[in-house]
Each structure stands twice: as C-alpha cells, then as structure tokens.
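Q: I would like to go through this model with you, one topic at a time. Could we start once it is on the screen?

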Amino acid sequence: MKKITFTFIAILATFIISQAQTFTLKSTSVGGQASSENVFNGFGCTGDNSSPALSWENVPDGTKSFAITMYDPDAPTGSGWWHWVMFDVPADVKSLKKNAGSIEAQLAPKNAIQSITDYGAYGYGGPCPPEGHGPHQYIVTVYALKTDKLGVDKNASPALVGFNLTTNTIEKASIVFYYQR
C-alpha cells in the first residue's frame with residue numbers, strides 16, 4: 001500500500017510540475033475586457049490606441065525569436081481582422097511595455113519589426129468593431145520561433161507573416177479579451 005501511495009504521489013507531483021512549466025502569456029494592463037486605453041482612435045472609435053503590456057514565461061527550448069499578433073476572428077470581413085503583427089523580437093526579450101505597439105513611442109525591442117495591419121498602418125491598431133455588432137474577441141498571441149529572423153519585412157501582409165509564423169513556430173501562448181460598441 002505504501003508503495004502504491006508513493007507511486008501515486010510521485011506521478012501527481014510530476015504532472016503538476018509539468019503543467020506549471022507551460023509557455024504562458026500574461027498581461028498587467030488588459031483583463032477580460034478592453035479599456036479605452038486599448039481601443040483604436042479612428043474609424044468612429046475614440047480610444048488611446050495603446051497596446052497592452054505583455055510578458056511571457058517558460059520559453060520552450062530552441063527559441064531563437066518571438067512574434068506577437070492580435071487578431072479579431074469576429075470581424076465581419078470573411079477573414080477576421082489583424083490588429084497587430086510584430087516579429088523578429090530577440091529571444092532574450094520576455095516582455096513588452098504598455099504601448100510598445102506604437103511606432104512613434106519607440107518602445108518596441110530594438111530590431112523588432114511591426115508590419116502592416118488590416119487598418120493599413122504599421123504597429124498596433126486597437127479594437128473598433130462595428131456598432132451594434134456584439135462582443136468581439138481579441139486574441140493576443142506570442143509565438144516562440146525556431147528562427148532568428150522571420151524572413152519578411154515591414155510591408156509583409158498579415159497573411160504572409162502568418163504563413164511564415166506557422167512554418168517556424170515551436171509553441172505559442174494566447175490571452176483573449178473582448179470589446180463591443
């Protein structure tokens with residue numbers, strides 16, 4: 001009986017440790033709902049258009065760089081809406097400051113590229129769903145990549161960046177928040 005109990009405890013401890021060590025994305029500046037800080041300033045919306053502060057932990061072995069995206073699958077476009085696309089973030093970076101998505105603020109990591117979004121601009125473009133369309137989900141994802149450079153430039157479309165992300169992702173982690181007008 002003692003041997004079975006000990007074996008069970010050892011298996012449970014191994015499971016708990018393995019679960020606690022997963023690649024995880026967190027934010028101190030956005031919770032379950034977007035605030036006016038995050039909301040786009042344009043297209044009929046009046047927000048601060050500030051990207052959330054992000055941090056990640058338990059980076060998988062072999063990670064050579066990171067990418068961050070923000071996507072709205074509920075946008076009435078037939079293909080969703082890309083709000084933020086950042087890549088070539090160095091492997092030693094484990095967080096982004098609030099508003100790092102602003103090109104003008106220059107808070108993004110050195111040499112990181114912020115490519116064009118579906119707004120037709122570079123950097124972060126916050127939530128701004130159509131009025132009365134209901135709550136939209138905004139999926140912020142950090143990708144641990146097996147390459148130093150993604151191989152595309154700032155003019156790459158979100159679809160092209162996404163293709164390159166898919167072929168180079170080791171692991172990814174996401175958070176989701178919501179917004180409606």
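Q: Is T141 buried or exposed?
A: T141 counts as buried, at 6% relative accessibility. Please keep in mind that this is a predicted model.

Q: Where is T141 found?
A: T141 is part of strand β9, which covers residues 136-145.

Q: And which side chain does T141 join in a polar contact?
A: The partner is S174, and the polar contact between the two side chains is 2.7 Å.

Q: What else is T141 in contact with, leaving aside its neighbours within four places in sequence?
A: Besides S174, the list holds L25, A67, I68, T69, K172 and A173.

Q: Changing topic: how many salt bridges does the structure hold?
A: There are two salt bridges. In one of them, E57 pairs with K26, and the closest N and O atoms are 3.3 Å apart.

Q: What about K98, which residue does it form a salt bridge with?
A: K98 pairs with E37, with 3.1 Å between the closest N and O atoms. K98 sits in the loop between β7 (95-96) and β8 (113-114), while E37 sits in the loop between β1 and β2 (41-42), so this pair ties together parts 61 residues apart in sequence.

Q: How accessible are K98 and E37?
A: K98 is partly exposed, at a relative accessible area of 38%. E37 is likewise partly exposed, at 28% relative accessibility.

Q: Why can such side chains pair at all?
A: Side chains that carry opposite charge can pair when their charged atoms come close.

Q: Which residues does S50 touch, not counting those up to four places away in sequence?
A: S50 touches both E37 and K98, together with N38, N99 and Y124. S50 itself lies in the loop between β3 (45-46) and β4.

Q: Buried or exposed, that S50?
A: S50 is buried, because its relative accessible area is 8% and the cut-off for buried is under 20%.

Q: Now the core: how many residues does the largest nonpolar core have?
A: The largest nonpolar core has 32 residues, and L54, W56 and I68 have the most contacts inside it. At least two residues of this core come from each of β4, β5 (65-72), β6 (81-90), β9 and β10 (169-179).

Q: What is L54 in contact with, beyond its neighbours within four places?
A: The contacts of L54 include L25, I68, W84, L96, V140 and I175. K26, S27, K94 and S95 are also among them.

Q: Which residues are in the second core?
A: That separate core has eleven residues, including F87, Y143, A156 and L165.

Q: Finally, the whole protein: what does its secondary structure come to?
A: The protein has two helices and ten strands, in the order α-β-β-β-β-β-β-β-β-β-α-β from the N terminus.

Q: And how much of the protein counts as buried?
A: Of its 181 residues, 43% count as buried. The protein exposes about 9700 Å², and carbon and sulfur atoms supply 56% of that area.

Q: What share of the contacts with a separation of 6 or more comes from residues 24 or more positions apart?
A: Such residues account for 72% of those contacts.

Conventions: Residues are numbered from 1 along each chain as its sequence is written. This is a predicted model: local features need pLDDT of at least 70, side-chain atom pairs count only at pLDDT 80 or more; totals for chains, interfaces and linings use all residues. Side-chain values use heavy atoms; hydrogens and water are left out. A salt bridge is a side-chain nitrogen of Lys or Arg within 4 Å of a carboxyl oxygen of Asp or Glu. Helices (H or I, at least four residues) and strands (E, at least two) are DSSP runs, numbered from the N terminus. Buried means under 20% relative accessible area, exposed over 50%, partly exposed in between (1.4 Å probe, protein chains only). Contact means heavy atoms within 4.5 Å. Accessible areas come from the Shrake-Rupley method with a 1.4 Å probe; for residues, only the protein chains shown count as cover. A polar contact is a pair of N or O atoms within 3.5 Å; within protein, one must be able to donate a hydrogen and the other to accept it, and residues adjacent in sequence count only if both atoms are side-chain atoms. A nonpolar core is a set of buried Ala, Val, Leu, Ile, Met, Phe, Trp, Tyr and Cys residues joined through side-chain atoms within 4.5 Å.
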